[in-house]
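Take a look at the structure below. This report walks through its charged pairs, its domains and its core.

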Amino acid sequence: MNVSEKQAAFLYENEQYGEALHVFRQLRDVQVSKLSPKDPAIIQTQQMIGRCLYRCGRYQEALPVFQGVEEQYSRSMRQNGKELLEAKNDLGLCYLALGGFNEALNCFFQVDDVYKKEKPDSDEEYITTRTNLALCMTNVGRVKEALEIYQECQEQQSALLGAEHPDVLQTQANIATCLLRTGKHTEALELLQKSEAKQREALGEGHEASLQIRANIGKCLKEIGKLEEAMKQNEVLADDVLSNLGDGHPLLFEVQNNLMVVYLKLEKKDEAIKIGEKCLKLQENAFGADHSELLDTLINLIACYESKGDYEATLVSQKRLETIYGKTFGKDNPELAKLRNNIAGTLVKLKRGNEALEMFGKIEREFERQYGKNHPSVLTIKSNKAKVYCEMEKYIDASRILKEVENVEQANKLSSLITRRELLRCLTAAKHLTQAADVYAKLAGKGHEDFDLALAKNNYAIALLNDRKFDNALKVFKEVEIIMEGMKMPSNHPALLNTKQNIGTTYQQLGKRDEAGKLFAYVKEMREGK
């Protein structure tokens, strides 16, 4: 080993990864000028360059380096060769950091299959591979399987290394993460708090593993409702991560996102948006504008913007999210369809109904392609389109779509209660009272706990009253009164009092002045709080 190799190795072992990267690159340039491109020394240096980039959080740059190393080793050695397995492991970790969970799993399974046959359970390399496999499983939702692997590895590591070894403490932290993912927040918090002091003593306060445990403690505090404590924890931690790991490290983004959520829960909306926008800029610098690493930040920012009623900012972030979802998960992913549905909802709030209809049409066509025209998901989108038409006061178009939905629901023996409620509302607004009467007949005596249905019936009764169909109006108002009283509304609830007022008005039109007078007096008394 020459002087440059020793210097680079020393820097890497002492976690000075940026400096090590510089020296390894100089070493590679010298090797390329003197050795064959396939010389193992060049491949080994390339691998160390990839590892330095990875340790610096520069995963996008590390990935092609690891891919090249793995490809070269695959061509030059047998499938169970040590160097090839290490290269696959490096590649798996890089995929995992970049959100390529399936690719990562594939790498780790390949290594695990070899080690399972050739190494004892107590072998340190085999245990490391198993923990990497569990880490990947955690991130793809296979948390129970991951927890079992971690628990097995903890026992093996403790026997091999001792209970206080940093690797054992890291596995304990990973177990806590699994508990956190499965909703066992109190258990996770207890385990993390036990491990945190030991991890800090073993590795130092500024080590990534020590900082990660503190981040997980912050998550637990948030989940169990200790928001003020979680806020203070994450505020201090964000500064510590920044000073120790730099402004491009994923752990900083994780902590900033946790802090954003805590701020929002504490109604500190401006602070939440400020930290979220800061995080987004840092992520863009580190990964690019349309990378999957930005997903959580955009989702949390959208929640912040919506909470403030800033729908223009909401829409901009949703559109960015749509681009990243499509690129990351493909056009058939259910999450993309949900997002587009939310985008359409934002367009409605912005009074951009035609654009909302265009978006719903895109979703409808995609769902019909995937599921068929009569699938419940397609019917939901059609109903959403009808709501937009109602917002635009295009009641005839809305009614036409709702009738289509009703016909499909009836043909497939599905409940049409909500569809008929919306249809009654549209036909009433369009003053198509004959058709509304047919829908009302199907709804009479139904939906006694549905306040929205009571309001739709109330509006229909008002339309009948205005059309001088007093007997019919009285019948419907009476049903609305029964529904509202059956819902245990307070006797002074405005909606209930308005209904009684309407009944009184209808009695008056029918010449029943005594009944009307009694109701008017009652309503006045209740409104005055007597």
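## Salt bridges

A salt bridge is a side-chain nitrogen of Lys or Arg within 4 Å of a carboxyl oxygen of Asp or Glu. Side chains of opposite charge can pair when their charged atoms come close. This is a predicted model, in which local features need pLDDT of at least 70 and side-chain atom pairs count only at pLDDT 80 or more, while totals for chains, interfaces and linings use all residues. Residues are numbered from 1 along each chain as its sequence is written, and side-chain values use heavy atoms, with hydrogens and water left out.

By this rule the model has 36 salt bridges. Some of them join up. Glu364, Lys382, Lys385, Asp397, Arg400 and Glu404 are linked in a network of salt bridges.

## A pair inside the network

Which residue forms a salt bridge with aspartate 397? The partner is arginine 400, and the closest N and O atoms are 3.8 Å apart. Aspartate 397 and arginine 400 are three residues apart in helix H20 (residues 395-411), so about one helical turn separates them. Helices here are DSSP runs (H or I, at least four residues), numbered from the N terminus.

How open are these side chains to the outside? The scale is relative accessible area: buried means under 20%, exposed over 50%, and partly exposed in between (1.4 Å probe, protein chains only). Aspartate 397 is partly exposed at 28%. Arginine 400 is partly exposed too, at 42%.

## Two further pairs

Arginine 51 and aspartate 90 form a salt bridge through their side chains, at 2.9 Å from N to O. Arginine 51 sits in helix H3 (residues 40-55) and aspartate 90 in helix H5 (residues 82-97), so the pair ties together parts that are 39 residues apart in sequence. Is aspartate 90 buried or exposed? Aspartate 90 has 9% relative accessibility, so it counts as buried.

Arginine 58 and glutamate 61 make another salt bridge, at 2.9 Å from N to O. Arginine 58 is partly exposed, with a relative accessible area of 32%. Glutamate 61 is partly exposed as well, at 36%.

## Two domains

The domain assignment gives domain 1 (356-442) and domain 2 (448-529). Such bounds come from an automatic or database domain assignment. The centres of the two domains, taken over C-alpha atoms, are 28 Å apart. Nine residues from domain 1 and twelve residues from domain 2 take part in the contact. Contact means heavy atoms within 4.5 Å.

The two domains bury about 1000 Å² between them, 70% of it on carbon and sulfur atoms. Buried area is the accessible area (1.4 Å probe) that two parts lose on being put together, summed over both. In domain 1, Arg421, Leu433 and Tyr440 lose the most area to domain 2. Together they make up 57% of what that side buries.

## Across the interface

How many salt bridges does the rule find across the interface of domain 1 and domain 2? The rule finds one. Aspartate 450 forms a salt bridge with arginine 421, the closest N and O atoms being 3.1 Å apart. On the side of domain 1 that touches domain 2, the elements giving two or more residues are helix H21 (417-429) and helix H22 (433-443). H21 gives the most, with five residues.

## The nonpolar core

A nonpolar core is a set of buried Ala, Val, Leu, Ile, Met, Phe, Trp, Tyr and Cys residues joined through side-chain atoms within 4.5 Å. The largest one here has 143 residues. Phe24, Leu424 and Tyr460 have the most contacts inside it. Domain 1 (356-442) and domain 2 (448-529) both give residues to this core, so it lies between them.

Phenylalanine 24 deserves a look. Leaving aside neighbours within four places in sequence, phenylalanine 24 is in contact with Ala8, Ala9, Tyr12, Thr45, Met48, Ile49 and Cys52.

Threonine 131 lies in helix H7 (residues 124-139). At 12% relative accessibility, threonine 131 counts as buried. Not counting residues up to four places away in sequence, threonine 131 touches Tyr150, Cys153, Gln157 and Thr171.

Lysine 198 is found in helix H10 (residues 185-203). Lysine 198 is partly exposed, with a relative accessible area of 35%. Residues touching lysine 198 are Glu164 and Leu169, not counting those up to four places away in sequence. The C-alpha atoms of lysine 198 and glutamine 501 are separated by 71 Å, and these residues are 303 residues apart along the chain.
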